[in-house]
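Hi,

Here is the structure I promised to pass on.

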Amino acid sequence: MKSKNEVVVKRPDDWHLHLRDGEMLQAVLPFSAELYGRAIIMPNLRPPVRTVKDAAAYRRRILNCLPAGHGFQPLMTLYLTDETPPAEIRLAKSEGLLTGVKLYPVGATTNSEHGVTSIKKVYRVLEVMQELDMPLLIHGEVSDPAVDIFDRESVFIDRELQPLRQAMPELKIVMEHVSSKIGVDYVLAAEKNLGTTVTPHHLLINRNSIFAGGLNPHMYCLPVVKREADRLAIRQAAVSGDPRFFFGSDSAPHRLVDKEKAGGAAGVFNISTALSSIVRVFEAEESMDKLEAFMSLNGARFYGMPVNPDTITLQKTETPVPATDNIPVGRDRVKVFQPREPQFWQIVDGLRQTK
Ligand code: DOR
Ligand code: ZN
């Protein structure tokens, strides 16, 4: 850190990102690629990224949207289904192409129809992952409609995650996008092989935001944002610099037509505002010295990867940075997730060309 108004950190990474495909991919990728070193790319496309071959092709489509030799590295994941053969994991390991395997409980979220119907069914695959040191990325919510939506994370921990960790203590697990105090406490109690990504929106808003001024679909994501006490627990853990907590935007763009309707899609597109709002959180919590751990060090360490060699510089401006409300995608638009407070932090060095 240089002064109160300037901060230099190693180039950050995004350990949980939805880039989609086609024209959406083209529209949203530059926001990640200009700033982040690496990002873990979620596999919940339609159809999902189910094989090593699918992942290789998707990676190529991503890189084709960037200038040759651009430094952004998409880290690919597989979408686990009841039918994924253990051999696919062995192939993934030998090809060295995959960073992890994503487990969506069936029906838990967007494009999870092909997800796992019961974790017991995929135990063989998980054993192979444990053996090969392949991380498991979990959407940690039960999809049981009898369980209150605000309890789905804690029930998942009790019913699924704890038994799994006991059965496979060497399996490296990321319980993605922690959203509750119970989830935070669970990660804090883990001695090893468990980490969690933290999203900007779970740091910034609580469930009141979904209803403030009328029902707002642009505050709807999964896991759904919870009580203020949950938000504060997530904030405290993130700004503590604890290595088990690291940035994963969960930026999840949907067209307005898909968000602003009955049965609207879960997910917020936050990547263009993510870093400046997170700096604001660390500043407000007087923890700027922990920003680099959260954004640039902890995730790399968890995944056993080197920290990015270069740095970025942010400066605090005197007047708020003008906010973009939405971006065009084809004939439609995607709304940018905006914290209520104005943004004052701007990246002044380290942005990369994406065209
Ligand atoms: O809000 C969310 N949106 N949560 C998820 O788990 C999936 C994501 C998406 O793909 O839109
Ligand atoms: Zn996600």
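The lining of the largest cavity is made up of 10 polar, 6 nonpolar and 3 charged residues. That gives 19 lining residues, and if you want to find the spot on screen, look for His18, Thr109, Leu222, Asp250 and Ala252, which lie nearest the centre of the cavity. Its volume is about 130 Å³. Bear in mind while you look around that this is a predicted model.

The second largest cavity has about 80 Å³ of space. It is lined by 13 residues, with His218, Lys259, Val268, Phe269 and Lys335 closest to the centre. Two elements give two or more residues each to this lining: helix 10 (256–259) and strand 12 (332–335). By class, the second largest cavity has 8 nonpolar, 3 polar and 2 charged residues around it. Counting everything of 30 Å³ or more, there are 3 cavities.

The largest pocket comes out at about 440 Å³. Among its 22 lining residues, Ser272, Thr273, Ser276, Val321 and Pro322 are the ones nearest the centre. Helix 11 (271–284) and strand 13 (345–349) are the elements that give two or more residues to this lining, and helix 11 has the largest share, with 6 residues. The lining of the largest pocket divides into 14 nonpolar residues, 7 polar and 1 charged.

As for the second largest pocket, the volume is about 330 Å³. Of the 14 residues that line it, Arg20, Arg46, Asn111, His254 and Arg255 sit closest to the centre.

How many disulfides does the count come to? The answer is 0 disulfides. As a reminder, a disulfide is a covalent bond between the sulfur atoms of two cysteines. Is Cys221 buried or exposed? Cys221 is buried, because its relative accessible area is 2% and the cut-off for buried is under 20%. Cys65, on the other hand, has a relative accessible area of 28%, so it counts as partly exposed, the class between 20% and 50%.

Cheers

Conventions. Residues are numbered from 1 along each chain as its sequence is written. Chains are lettered from A and ligands numbered from 1 in the order in which they are written. This is a predicted model: local features need pLDDT of at least 70, side-chain atom pairs count only at pLDDT 80 or more; totals for chains, interfaces and linings use all residues. Side-chain values use heavy atoms; hydrogens and water are left out. On a 1 Å grid over the protein atoms alone, a cavity is a set of points where a 1.4 Å probe fits but cannot get out, and a pocket is an open set with protein on both sides within 12 Å along at least five of seven lines; lining residues have an atom within 4 Å of a point. Grid points are joined across faces, edges and corners, and a volume is the space filled by probe spheres set on the points. Ala, Val, Leu, Ile, Met, Phe, Trp, Tyr, Cys and Pro count as nonpolar, Asp, Glu, Lys and Arg as charged, and the others, Gly among them, as polar. Helices (H or I, at least four residues) and strands (E, at least two) are DSSP runs, numbered from the N terminus. A disulfide is a pair of cysteine sulfur atoms within 2.5 Å. Buried means under 20% relative accessible area, exposed over 50%, partly exposed in between (1.4 Å probe, protein chains only).
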